[in-house]
Amino acid sequence: MSSTDNATRLAELKASMDSGNPARARLTALFDPDSFVELDAFLQAEEGEAGVVAGYGLIEGGVAYAWSQDVTVSKGAVSAAHAGKIGKIYELAAKTGCPVVCVYDSHGAKLDEGGAMLAAYSKMLQSANSLSGVVPQISVVLGPCAGVSAMLAAGSDFVIMEKEAELFLTAPFIAKANGDSCEGAGSAANAAKAGVADLVCEGQEACLEAARKLLTMLPQNNLAAAPLFDYTDPAGGFDPAGCPKLIVKGIADADSVLELAPEFGKGVYTFLGTMAGAAVGFLATSRENPLDGDACEKAARFVKLCDAYSIPLVTLLGSKGFVLNSDVSVVRAAARMASAYAEATTAKVSVVTGTAFGPAYVAMGSKNGNADVTLAWPQAQISALAPETAVEFLWTERFKGTENAEATRKALVEEYIATEASPIEAAKQGYIEAVITPEETRKSVINMLDMLAGKRESKLPKKHATI
């Protein structure tokens, strides 16, 4: 390129910055002030600019890479040059072990590039998949995100969507032409309900701020230590019989809790937060909603995320158990959840806060099955069978033939809960480490996590589980 061309390009670059180039402005807002450094700023596609801005900078003092599609250039069409800039970001992230933030705003691929475009997309997918579980990846969807780009976004650790953004594999108008009448197809609201979007925010500034907050709670990579924070204790207590969300906020550091995927799998709640200044993943079961397929899928993904980055996992178990219906697919989802718990080598502390019967207890709270430490509240119920079922199977002779079998059955259920299903009985048999009051939960869990800080666990050599 001649000196004249260089001068022209520099002038164009400055003009785009002065005019508020959206892609560059987004990355400038994402990173700490005056820390963003653009890479490959002069790279050209066949018809002009590559349509994506890429570079690195600091987020709360930590190095991170990012790229942002520029919808003002050919509607953000993904070309081979466009994909090349993105590919370099992934290569640098792999070499340096730093997280990646991907900002999507494109109407699709540059179709006239044909095979070159397919190869470019394939390389992008391969690069992102290679980094999965190695460095944190966050997708921020601020506009259209379609086809392979949607697959790429959904494969990251977290997906943040602006409420007016779109994400779809098949364009809604094509789906509608094929008879699909799904209202709101491709919308952020539907993506949240389907478990694709972890967070939906109003405005791009809120989305970028959410990405910053998430990154500050994660280690730089899978070999780095999680960050530590200054903290304050939670302001007040909580109702032990109340909403699990409030219980989590009552034991975590003040103002540290961020709920993930609140609209999906409502049988469980998942949060990132801190305890005593250290990052912790919280998984709490719903008191009202049973564990269905979506809840199991949500739990499995969250456990794997925490394990990938060695974030301790605290499970609060008080559930009705698995959904009672004829849909056998929940069995596969439950098996994936149990496998995720069993495979995870990060520190795991379970607190039984309510009912924990049979498969639900084994999969999520069992000291013998997956937890390093299991604690229980005095009101907890731990049993192989629900008390009503246990009485029917095990104590039938005690109420048959009585004058009022129903009243006797009810009394026997209460006796079973107070004796066989009590946490004291479980502690006597060595199935839980301690029975604690709800008020002791924060202190007890922090003590257990401190004790487990140096945990080392080796698994049988294998590529991965097949469940």
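**A walk through a predicted model**

Hello everyone. Let me start at one residue: Q137 sits in strand β7, which covers residues 137-141. Is Q137 buried or exposed? Q137 is buried, as its relative accessible area is 3%. Buried means under 20% relative accessible area, exposed means over 50%, and partly exposed is in between, with a 1.4 Å probe and protein chains only. Setting aside neighbours within four places in sequence, Q137 is in contact with Y90, V100, A128, L131, S132, S156, D157 and F158. By contact I mean heavy atoms within 4.5 Å.

A word on what we are looking at. This is a predicted model, in which local features need pLDDT of at least 70 and side-chain atom pairs count only at pLDDT 80 or more, while totals for chains, interfaces and linings use all residues. Residues are numbered from 1 along each chain as its sequence is written, and side-chain values use heavy atoms, with hydrogens and water left out.

Now the whole chain. How many helices and strands does the chain have? There are 17 helices and 20 strands. The C-alpha trace spans about 100 × 55 × 45 Å along its principal axes. Of the 467 residues in the chain, 51% are buried. Among contacts with a separation of 6 or more, 69% are between residues 24 or more positions apart.

Next, some helix pairs. Two packed helices are described by the angle between their axes and the distance between the axes. The axes are lines fitted to C-alpha atoms, for helices over the stretch in contact, and angles run from 0 to 180 degrees between N-to-C directions.

Take α3 (residues 80-96) and α4 (residues 115-131) to begin with: their axes come within 9 Å and cross at roughly 20°. That makes α3 roughly parallel to α4. The naming goes like this: angles under 35 degrees are roughly parallel, over 145 roughly antiparallel, 65 to 115 roughly perpendicular, and the rest oblique. The crossing of α3 and α4 is left-handed, meaning that the near helix is turned anticlockwise from the far one by less than a right angle; clockwise would be right-handed. On the α3 side we find A80, A83, I86, Y90, E91, A93 and A94, and they meet M117, A120, K123, M124, S127, A128 and L131 in α4. By class, that contact has 11 nonpolar, 1 polar and 2 charged residues. Here Ala, Val, Leu, Ile, Met, Phe, Trp, Tyr, Cys and Pro count as nonpolar, Asp, Glu, Lys and Arg as charged, and the others, Gly among them, as polar.

On to α10 (residues 293-308) and α11 (residues 329-343), which pack at an angle of about 20° with their axes 8 Å apart. These two are therefore roughly parallel to each other, and their crossing is left-handed. Residues making this contact include C296, A300 and V303 of α10 and A333, M337 and Y341 of α11. The contact divides into 10 nonpolar, 1 polar and 5 charged residues.

R26, A29 and L30 of α2 make the contact with Q204, L208, A211 and R212 of α8. They divide into 4 nonpolar, 1 polar and 2 charged residues.

L30 leads us inside. A nonpolar core is a set of buried Ala, Val, Leu, Ile, Met, Phe, Trp, Tyr and Cys residues joined through side-chain atoms within 4.5 Å. The largest has 62 residues, and those touching the most other members are L30, V140, I160, L214, L283, M337 and M364. Which helix gives the most to this core? Helix α10 does, with 8 residues. Another core lies apart from it, with 34 residues, including W67, I86, V100 and L152.

Two last stops. G62 is in strand β5, residues 62-69. G62 and C98 are 36 residues apart in sequence, yet 8.5 Å apart in space, C-alpha to C-alpha. T389 lies in helix α13, residues 387-394, and is partly exposed, with a relative accessible area of 32%.

Conventions. Helix = DSSP H or I, 4+ residues; strand = E, 2+ residues; numbered from the N terminus.
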